[in-house]
Amino acid sequence: MFGPLGRVFSRSATSHDALAVVTGAGSGIGAAFAVELARRGGAVVCSDIDDTKAGETADAIIKNGADARVIHCDVSRFDDVVALAEQAQAWFGAPPTLVVNNAGVAVAGAAIGETPIDDWAWILNVNLWGAIHGCHVFAPILRDAPRLPAPRGIINVASAAAYGAAPGMGAYNVSKAGVLSLSETLAAELSGSRVEVTALCPTFVRTNIVEAGHISTEYSEMGERFMRWIGRSADKVARTCLDAHDRGELYCMPQLEAKIGWNIKRLAPGTFTRAVGLASRVGNT
């Protein structure tokens, strides 16, 4: 069935032929989501605080024959997200069918009580409030849109840090735990609608988040080592998540260690948390 922009919508998968909005699309997982959605036949709004980087993603999509547009957005600013929704709908000529709340930053390297309060405010404004703004603005649009020939969905990029409790990463852990809880609550509220919700919880992904974050030298070096050793490519993470979303899965843990950690935490949360703390102290001796 034909939809906006003359697209033939798939009836069975949210990520195919989507009218998609991706925040933080200038690099990393966000760029990978945007490119993969375009590869699946979608038209993509590439949103980022860095218009130049978002433009590079959009240009790559357009060069491959798909439709993309850059819309500036600082997700920590509610008015920016409202404007993003308005401009995206105007470009699509219809409500979006998929929104990926991906924009995020990192803080690591200091314990709770030592992490600067300004760093707490910065990361919560981007990681948590950014996702809150995205869900607050877009969830009613997707839920209340006239019945479309394609299903609709929201993907929130959380992290295995949401349940991992790694010491020295309190601000990041809290921001991503909030995103996970937000996703679960939104999924419950949208149960029975045609809007699917998925929370993406990866471990290490090969992106530039270490370079762009407020991270100590020790944690930066450790993060870079783990990304080299066990990090998965952003492209593969995006593909895995979109496939999980199409199956209607609320949780996407795209790596084995993410799944193992999730299951242990659910079965024995106290033991898991104590083990993480002990392992951290051993690693620092």
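Helices (H or I, at least four residues) and strands (E, at least two) are DSSP runs, numbered from the N terminus. The legends below concern a predicted model, in which local features need pLDDT of at least 70, side-chain atom pairs count only at pLDDT 80 or more, and totals for chains, interfaces and linings use all residues. Residues are numbered from 1 along each chain as its sequence is written, and side-chain values use heavy atoms, with hydrogens and water left out.

View 1. Two cavities of 30 Å³ or more are found in a search of the whole structure. A cavity is defined on a 1 Å grid over the protein atoms alone as a set of points where a 1.4 Å probe fits but cannot get out, and lining residues have an atom within 4 Å of a point. Grid points are joined across faces, edges and corners, and a volume is the space filled by probe spheres set on the points. The largest cavity holds about 70 Å³ of space. Its lining consists of Thr23, Val75, Asn101, Asn102, Ala103, Val126, Asn127, Gly130, Ala131, Val157, Lys176 and Val179. Helix 4 (117-144) and helix 6 (170-189) each supply at least two of the lining residues, and helix 4 gives the most, with four. By class, the lining has six nonpolar, five polar and one charged residues; here Ala, Val, Leu, Ile, Met, Phe, Trp, Tyr, Cys and Pro count as nonpolar, Asp, Glu, Lys and Arg as charged, and the others, Gly among them, as polar.

**View 2. The second largest cavity.** This cavity contains about 40 Å³ of space. Val21, Thr23, Val75, Val81, Leu84, Val99, Asn101, Gly130, Gly134 and Phe138 line the second largest cavity. Strand 1 (19-23), helix 3 (78-92), strand 4 (98-101) and helix 4 each contribute at least two residues to this lining. Helix 4 gives the most, with three residues. The lining divides into six nonpolar, four polar and no charged residues.

View 3. Seven strands form an open sheet in the order 3-2-1-4-6-7-11, with parallel pairing. Strand 3 (67-72) and strand 11 (251-252) are the edge strands, each pairing on one side only. Two strands are taken to pair if DSSP finds at least two bridges between them. Strand 1 and strand 2 (residues 43-48) run parallel and are joined by five bridges, and Val21 has Val45 in strand 2 as its bridge partner. Five of the five residues of strand 1 are buried, where buried means under 20% relative accessible area and exposed over 50%, with partly exposed in between (1.4 Å probe, protein chains only). Leu19, Val21 and Thr23 point one way from strand 1, Ala20 and Val22 point the other way, and all are buried.

**View 4. Strand 6 and its neighbours.** Six of the six residues of strand 6 (residues 152-157) are buried, so this strand is largely enclosed by the rest of the structure. Arg152, Ile154 and Asn156 lie on one side and Gly153, Ile155 and Val157 on the other, and both faces are covered. Strand 6 pairs with strand 4 in the parallel sense over four bridges; the bridge partner of Leu98 in strand 6 is Gly153. Strand 6 also pairs with strand 7 (residues 195-200) in the parallel sense, over six bridges. Within strand 7, Val195 stands opposite Arg152 and Thr198 opposite Ile155.

View 5. Helix 3 has 15 residues and reaches 21 Å from its first C-alpha to its last, close to the 21 Å expected at 1.5 Å a residue. The expected span is 1.5 Å times one less than the number of residues. Asp80, Val81, Leu84, Ala85, Ala88 and Phe92 of helix 3 are buried. Seen down the axis of helix 3, the buried residues fall within an arc of 140° and so line one face of the helix; the arc is that of the directions from the helix axis to the C-beta atoms. The face turned away from the buried side carries the exposed residues Asp79, Glu86 and Ala90.

View 6. The 13 residues of helix 9 (residues 234-246) should span 18 Å at 1.5 Å a residue, which agrees with the 18 Å between its end C-alpha atoms. Ala234, Val237, Ala238, Cys241, Leu242, Ala244 and His245 of helix 9 are buried. These residues cover an arc of only 160° around the axis, which puts them on the same side of helix 9. Gly248 follows helix 9 and has a positive phi, near 80°.

Definitions and conventions: On a 1 Å grid over the protein atoms alone, a cavity is a set of points where a 1.4 Å probe fits but cannot get out, and a pocket is an open set with protein on both sides within 12 Å along at least five of seven lines; lining residues have an atom within 4 Å of a point.
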